[in-house]
Amino acid sequence: MADAMSQLTHLQVSGSLKLLERSTRRYLNIEKAPRSKLSGCSFTRKLKISLLLGRGSFDVFSRQAGDRGRVIRDRIVLPPMATELATEKGEVINALISHHRARDPDRGGTGMVIVEHSYVSDEGKRSKDQLGIHRDELIPGLRKLAKAIKDEGAVAIIQLNHAGAKAPPEIIGKRPVGPSSVPVPGGEVPRELSVAEIEEIIEKFVEASRRAMEAGFDGIEIHGAHGFLLSQFLSL
Ligand SMILES: Cc1cc2nc3c(=O)[nH]c(=O)nc-3n(C[C@H](O)[C@H](O)[C@H](O)COP(=O)(O)O)c2cc1C
């Protein structure tokens, strides 16, 4: 039974991810791009998934340019690291831009910068001053951030996240949601999502991808690790 359950959950997750990829391709009008052109699409051991926005791909190892004409200047990637340098509404503040500006080539700039996890919906928020990507009003600030990273010569990626059962009630103002009513260690018992709600969350990721593209990011990374919603599908 336990085996069957974990297989089922696994199937649900890969199903959701496939759907997400499909929706992202549709939304970004890259339906006809061959699958290989979606990479990044790195499915790392931590289940962080990177998808490039628009037509074109980067190869971190060969530093080849994608169709968008961007070359990765070295093989070093700055991983996403939450800074809490945003307002309570999720807006970019100048300190976050300065933080990324400080990573110029003279100071050992990285070829690719993955901006920290940003929340795709209010109920997926993890912490008070977390960066947001859940509303169109946030795009101008995100645009400044993407520009600062690209001006320094790096490829700019942003990570998208939904904290699921790890969203603290005192932050989101209600009970968190999850794939089942099994809590994460130390967390609140989450409210189990319906299938329709899961579809809505997929759309939130799609909308967030669109905002990332409009803000000028070269790609997105979907957070599937660290016990947040997507990894909860694997283990709760
Ligand atoms: C302060 C801090 C904040 C972090 N924030 C994030 C984050 O927002 N998203 C994420 O996927 N990983 C986050 N991480 C994890 C780093 O990305 C992770 O350490 C990096 O991927 C290197 O992985 P490794 O330690 O397994 O080699 C954070 C790590 C630190 C130290």
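Colleague: Where does Lys174 lie?

Modeller: In this predicted model, Lys174 lies in the loop between helix H4 and strand S5, the latter being residues 177-178.

Colleague: What makes Ala95 count as exposed, and where is Ala95 found?

Modeller: Ala95 is found in helix H2. The cut-off for exposed is 12 or fewer, and Ala95 has 11 C-beta neighbours inside 10 Å, so Ala95 counts as exposed. From Ala95 to Glu84 the C-alpha distance is 9.9 Å, and the two are eleven residues apart in sequence.

Colleague: Why does Glu84 count as partly exposed?

Modeller: Partly exposed falls between two limits: 12 or fewer is exposed, and 20 or more is buried. Glu84 has 13 C-beta neighbours inside 10 Å, so Glu84 is partly exposed. Its place is the loop between strand S2 (77-78) and helix H2 (94-101).

Colleague: What is the phi of Glu84?

Modeller: Phi of Glu84 is near 65°, a positive value in a residue other than glycine. Most residues other than glycine have a negative phi.

Colleague: Where is His226 found, and what is its phi?

Modeller: His226 is in the loop between S7 and H6. Phi of His226 is near 60°, again a positive value in a residue other than glycine.

Colleague: Why is His226 called partly exposed?

Modeller: His226 has 15 C-beta neighbours inside 10 Å, and therefore counts as partly exposed. That number lies between the limits of 12 and 20.

Colleague: How do you know that Gly132 is buried?

Modeller: Buried requires 20 or more other C-beta atoms within 10 Å. Gly132 has 26, so Gly132 is buried. Gly132 is found in the loop between S3 and H3.

Colleague: What does Gly132 touch?

Modeller: Not counting residues up to four places away in sequence, Gly132 touches Ala86, Lys89, Gly90, Ser118, Tyr119 and Leu138. Gly132 and Tyr119 are 4.9 Å apart, C-alpha to C-alpha, and 13 residues apart in sequence.

Colleague: How many residues does the largest nonpolar core have, and which have the most contacts inside it?

Modeller: The largest nonpolar core has 40 residues, and Ile133, Ile157 and Phe217 have the most contacts inside it. Elements that each supply at least two residues of this core include strand S3 (112-119), helix H3 (139-151) and strand S4 (155-161). H5 gives the most to this core, with six residues.

Colleague: Which residues is Ile133 in contact with?

Modeller: Leaving aside neighbours within four places in sequence, the contacts of Ile133 include Ser118, Tyr119, Leu138, Ala208 and Ala212. The buried residues of H5 include Ala208 and Ala212.

Colleague: What surrounds the ligand?

Modeller: Ten residues surround the ligand, and the closest are Pro79, Pro80, Met81, Ala82 and His117. By class, the shell has five nonpolar, three polar and two charged residues.

Colleague: How many helices and strands are there in the protein?

Modeller: The protein has six helices and seven strands. Of its 236 residues, 39% count as buried. Among contacts between residues at least 6 apart in sequence, 70% join residues at least 24 apart.

Colleague: What is the mean pLDDT of the protein, and which elements have the lowest and the highest?

Modeller: The mean pLDDT of the protein is 78, and 68% of its residues reach 70 or more.

Terms used. Residues are numbered from 1 along each chain as its sequence is written. This is a predicted model: local features need pLDDT of at least 70, side-chain atom pairs count only at pLDDT 80 or more; totals for chains, interfaces and linings use all residues. A residue is near a molecule or strand if its C-beta atom, placed from the backbone, lies within 6 Å of it. Ala, Val, Leu, Ile, Met, Phe, Trp, Tyr, Cys and Pro count as nonpolar, Asp, Glu, Lys and Arg as charged, and the others, Gly among them, as polar. A nonpolar core is a set of buried Ala, Val, Leu, Ile, Met, Phe, Trp, Tyr and Cys residues joined through C-beta atoms within 7 Å. Helices (H or I, at least four residues) and strands (E, at least two) are DSSP runs, numbered from the N terminus. Two residues are in contact if their C-beta atoms, placed from the backbone, lie within 7 Å. pLDDT is the predictor's confidence in each residue, from 0 to 100.
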